[in-house]
Amino acid sequence: MNAQADISVIDGAAAWRRMILALALSTIGGIGFWSVVVVLPVIQVEFAIDRGSASTPYLATFLSFAVGGIIMGRLADKFGVIVPVMLGGTMLGLGYFGAAAATELWQFIVAQALFIGCLGSSATFGPLVADVSLWFRRRRGIAVAIVASGNYLSGTIWPPIIQYGVDTVGWRQTHVAIGIVCIAAILPLALLLRRRAPIDPHEGQPAAGANLSTGPTGIPRPPGVQWLLVLAGMACCIAMATPQVHIVAYCGDLGYGAQRGAEMLSVMLGLGVVSRISFGLIADKIGGLGALLVSSSLQMVAMFFYLPFDGLTSLYIVSGLFGLAQGGIVPSYALIARDYFPANQAATRISLVLMATVAGMAVGGWMAGEIYDYTGSYRAAFLNGIGWNVLNVSIALMLLWHRKRPRAMATG
């Protein structure tokens, strides 16, 4: 197939089919994000550890997920997205089988970190988001947002199912069942990703003599922008992690029960799907950076509401508001990276930023657990999250100022 034929599929029917397939894979593989959150209280009892130690498997899983995402992004850039997704589905199955067989905490952590995080779920997030960004130009914002919603849709579907399994047959049997589902579903679907993504030559490597201080579309590229995006991604998700990771345990502490917490997490992430799709449409109008600034600011406001409200009904409402606020943040980074870097670096660049968000979730979840152990409540943890959110908003404002500065100088 020649280059022109490849480009003709961009924004076409094949692109939309690819997006739906990527969403399905992201939803299934995203279980690695949430199973460790749901079983956190059970693991604490199983291994007779405190809340901070019980958060360690979550920390290890997400940090390894971040490392694995970079590896999987490089594999996708070199061999196509089918390779990391096939590997990821296999490793997820093995990881859940290993976690179910763990008799010591360190064994559970190894299964979670190496197989489920690093080599498993990481393949069904960043690489798929990057891949679908190559199939769209006019509707890239909404397409990326929909695929990035897969981990939230996963968080909506899986936690109540996992909690039901834990309550009825136990967490070990539930993990075995998850492993079977991952292998049986992901591997056949991954075979449909054999076709390589089209590369628009206008978004490829810059031509000889091109201005390397601008992105493919001529947007000014600040020095060190890749690492600014990494820092921003970590900061926003350190904040995001506190309610997402600890809402189940928080509801248990308040006497509402783990099932109510799992329902709140499901509400939060379900409305996060709505938010992500909505912000995808917004990003197609105002750009990824504008969508990031709006969504991050709203998340910071929503975080404040956890401080005065701890009633059952109010926590459902606040968790819903938090979900509506936060959804637009993570997919915005993929759009910003596409503005600043060429298409043939997409999987590596986007995976690096998205994995920084995962690292932020890992650190934030662990940090909140440690703060809880030290203070005896989650109030200080919420305040800590708000502080990190301020850093994220500040970076977004700085990038926006740098983008607008050349226009101001040209008209001044």
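**Reading the salt bridges**

Reader: Is R138 buried or exposed?

Author: This is a predicted model. A residue counts as exposed over 50% relative accessible area. R138 has 61% relative accessibility, so the residue is exposed.

Reader: How is D11 classed, buried or exposed?

Author: The cut-off for buried is under 20%. D11 has 13% relative accessibility and therefore counts as buried.

Reader: Which residue forms a salt bridge with R18?

Author: D131 does, with 2.9 Å between the closest N and O atoms. R18 belongs to helix α2 and D131 to helix α9, so this bridge ties together parts 113 residues apart in sequence. Both R18 and D131 are buried.

Reader: Which residue meets E46 in a salt bridge?

Author: The side chain of R172 meets that of E46, with an N to O distance of 2.9 Å. E46 is in helix α4 and R172 in helix α12, so the pair ties together parts 126 residues apart in sequence.

Reader: What are the relative accessibilities of E46 and R172?

Author: E46 has a relative accessible area of 38% and is partly exposed. R172, at 24% relative accessibility, also counts as partly exposed.

Technical notes: Residues are numbered from 1 along each chain as its sequence is written. This is a predicted model: local features need pLDDT of at least 70, side-chain atom pairs count only at pLDDT 80 or more; totals for chains, interfaces and linings use all residues. Side-chain values use heavy atoms; hydrogens and water are left out. Buried means under 20% relative accessible area, exposed over 50%, partly exposed in between (1.4 Å probe, protein chains only). A salt bridge is a side-chain nitrogen of Lys or Arg within 4 Å of a carboxyl oxygen of Asp or Glu. Helices (H or I, at least four residues) and strands (E, at least two) are DSSP runs, numbered from the N terminus.
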